[in-house]
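Colleague: Could you walk me through how to read side-chain packing and ring pairs here?
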Amino acid sequence: MTLRAVRAAWLYVQYATVCVIILAPIAWTVLSSFKPSAAVTAYPPALVFSPTVANYARLFTTVPLLRYGLNSVVIAGGSTLLGLALAVPAAFAVSWYQILWPASLALVARMAPGALFLLPWYVLFTRIHLINTYTALILTHAVITMPVILWTMISFFDAIPRDVLESSLVDGSTLGRTIAVIALPLAAPGIVVATVLSFILSWNYFLFALVLSGINTTPLTVAAFQFVGEGVTDWGMLMGTATLLALPPLALAFLVQQWLVHGLTFGAVKG
Amino acid sequence: MNRNRIAVLTAAVAMIAVTATAASSAPAFDWKKYSGTTLNFLADDNPVGQLLKEHAPEFTTLTGIRVNVLLFSEQQFRQRLTTVLQAKSGDVDVFMSLVSLEGLLYRRAGWYEDLNPIVHDPSRTAPDYDFSDLGAGVVRSSIVNGQLTGIPVNIEGPVVYYRKDVLAKCGLTPPKALSQLATDAAALKKCVPDMTAFASRGLAPAVPYTFSNFMHNFGGTYLTGAGRMALSSPPTLAAISYYASLLKDYGPPGVVNYSFPQLTALFGNGQAVMSFESSNEFGKVVAAPGRAQDTGVMVLPPGPAGSVPTVIGWELAISAYAAHKDAAWYFLQWATSKQMEVTLGLEGLAPPRTSPWHAPAFVKWLNAVPVRREWADALAAIARTGSGEVGPNILLQPQARQIIGQAIDSVILGQATAQNAAASADQQIDQLIQQGK
Amino acid sequence: MTVSHRFDVRPAPAAVRGAPRRGVPPAVWLLGPALAFVIVLTVFPFLYAIYLSLNRFVFGGTPTFVGLGNYAAMLRDPLFWTGLRVTLVLYVLALAAQLALGLYVGMLLHRALRAARFLRTILLAPFAMPSVAVGMMWLILLDPSFGSVNYLLHLAGLPKSLFLASPSLVVPTLAAIDTWQWTPFVALIVLGGLQSLPADPYEAAVVDGASPAQLFRFITLPLLRPSLLAAAILRSVDLLRFFDTVYITTQGGPGNASTTLNIYAYQQGFQFFELGYASALMLVLLLAVFAVVTGLTTLRRAIA
């Protein structure tokens, strides 16, 4: 065999191993969602079984999936957009002026245990009558997403050669235009990564929604907790909820990955 | 007039007279008085909460009051409840409370609306509510420092689920005495070495629920008469030794992480012979293939001090800051009414009232499957003779329970002797008692 | 072999050459919104937490001012030091594993780009699943009696393990679970970084006759340092506040073997209702995270 073929085979072996390790538990979760609860913890574990869609049927009839799902999309999407709007310019400034303290300051909110914010925010939002609104949830989730986007984007902006940006400014362009026309396209992979990561983080973050959401803004994550409790633990339903919950963020990741294109930087640098 | 006509007329007059008298002596209770209100009900995610959420639309039909049921699993439920109540917010009208755990704390914080004046007030309570139908002991557990903090909505306690077929195969009968549990477990370990002979809770905060039953059967208590911790007292110490050694020698590997999810899974999939766990898990246990036929249910066998099972129950409480207290009381009445408790009973929720146990529909359901009857009998015994003392009845009880659980865990893991673990825990909890003053 | 001069440390420009002076310096409108947002939303909770930490009270009682009493008690509290130790051990184990494996997986994904889009998506699944489900899933998979992992070990003739129920193994097990869940996160950041790398240095190096190993060590790794450090900082912030998995699986047990500081603070605040002490613990945790992040950012500046 040629060296090239051996190298290719070795690559695929590594690939397969990584996939198996990461995906085996996921596969178990998805398979379990098609089993009745008692069968999920059966011993020895059964790989071959007759699947049932009872769990999903019950999920769709007992949990208002569409309404909860919509709430989750609004909250996660809104907080991601807000995070992008706030963090991308800030990341550029951090990179351009080479000052790091704003990034650390933005991160401080994420350094504290989430529980620290619960009571003060509840009191605050109750006073201004924003409990059970999307606004409160989007704002508080943006506290989570904004630092993530900020720190992710800093390294992408750092990777843009300085002379490219400076030459644009020397040509008479304003900083704003330079950012919009030159820096952002070059850092596009970063924006893709940051969007996906922050959407997923916000999607699964439950703590703030626990106290700030009400009957109209309940996110989908609440459904996940419903099947764990004394007398009501249902493994099949829990795994089904987990599977359903993972689908929207994965769909988003799949769709935006086409912008993670290799080589976008090269043309700009050579010019 | 002929005879028949007189008879009919007399009957008619009599009926009108009776109706008129009845109407004038008892004003009809108006279920629709607060129609149009919306209530917020914060519920714990257990059979009680889930069933009440399911049946809430019936309440709306009856009264025209809308109920927003927010259902959360226990830890999340407590987080939200305490946050809302600490902020003195009217966000929650009705909530579920486990008085045995947090009664003293919440009472001290003033979070419960006292129901004493309301329950016996005929203008606010339906005439057929029959408060006296609720067991005296059950009601007593809801009274904290003179205040009726809520209405009990279920009773539960730990019971022994056991495999009749496996015991028979090994030539054993269900243990009749607490001490026999160990001998039977040893025999089972030889007879069916692949199965776990005896399983119960080992997860630190969850242990006191099952341990307390052992302690009371040994005749032990948590607190001395003077109000100090008594884990080192001989009967309690004996209970600690016994409980820990049972789990250490005959329990499942990794038992220190075990609570109801793993215990039900272990027994359900046929890996355990005996499992000492909450009666609430009954539905899940018998749902596993085969278990409905081969499982028996009994209270913990009596020890030197007899049989004193642990009994707890959730109650429905009205928040002291609630915006709609009167409408909330309607919800409580409906949820704890006789009819409602029969309905809930048919779905596996043990009612705290006495009458539902004799209701024909419920009796029929119980007799349909033998193990249901056993479960009902166990619960009846629990209700009759049970003790509500899960942890020491002090203000800082949650923390005390954790310390007790960790002490027992250290014995199970072989990290400490029972004497040392008990002494150390006594010291720590005595400090808590001082702090709580 | 030289790398682009871009990566030398240079002083920041005082003003952008050639740009017309505006009334408001660009830095203000670039940074202002983000900083204002953070400050407005977090200043009240921080002040409130500080206020709580200076008092002692249980529900319904009136707060008693104790000054720094809670902090003094913390220093004397053996559980605080246990929590600190557990947190740090877990942090170091998990971070090292995630960075190393994340780098490896990121490079792997970068290589096989065409077929990979679906695979790249599905590899995000571990951290796209809600934490309660991940915790419960591992609780079942790692159960000593009916878990699949022990079953596989049994089939392979290996001894079964207690995993999360073993006082000595619980922390490495938790680190492994977290690594499984978050390696894709790091890999994605690394992958994005790899996509943005300029081609010049590589082309020059290949012309110079460099081997793949040399390419990796002298070009790729240095160019990826910013991405890796960003990933390290983001993971550090979460790992030091490790909570979800412990909460769902062991509740800090066996004993206190898996009681991280965040779990301890939560127990004190939401289970034992010691709000003052809990707030003090949370603020100290915040300081610890801040110290670590500052250390990492200083490192970043040093190697940039």
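Modeller: Gladly. Contact means heavy atoms within 4.5 Å. Leaving out residues up to four places away in sequence, B:Phe41 touches B:Leu52, B:Val67, B:Asn68, B:Val69, B:Leu70, B:Val94, B:Phe95, B:Met96, B:Leu316 and B:Phe331. This is a predicted model, where local features need pLDDT of at least 70, side-chain atom pairs count only at pLDDT 80 or more, and totals for chains, interfaces and linings use all residues. Residues are numbered from 1 along each chain as its sequence is written, chains are lettered from A and ligands numbered from 1 in the order in which they are written, and side-chain values use heavy atoms, with hydrogens and water left out.

Colleague: How is a pair of aromatic rings described?

Modeller: By the distance of the centres and the angle of the planes. Rings of Phe, Tyr and Trp (its six-membered ring) pair if their centres lie within 6.5 Å; planes under 30 degrees apart count as stacked, over 60 as edge-to-face and the rest as tilted. The count comes to 49 aromatic pairs over all chains. For B:Tyr106 and B:Tyr112, the ring centres are 6.0 Å apart and the planes at 45°, so this pair is tilted.

Colleague: Are B:Tyr106 and B:Tyr112 buried or exposed?

Modeller: Buried means under 20% relative accessible area, exposed over 50%, partly exposed in between (1.4 Å probe, protein chains only). B:Tyr106 is buried at 0%, and B:Tyr112 is buried at 3%.

Colleague: Which residues do ring pairs link into a cluster?

Modeller: The cluster holds B:Phe198, B:Phe211, B:Phe214, B:Phe218, B:Tyr242, B:Tyr243 and B:Phe276.
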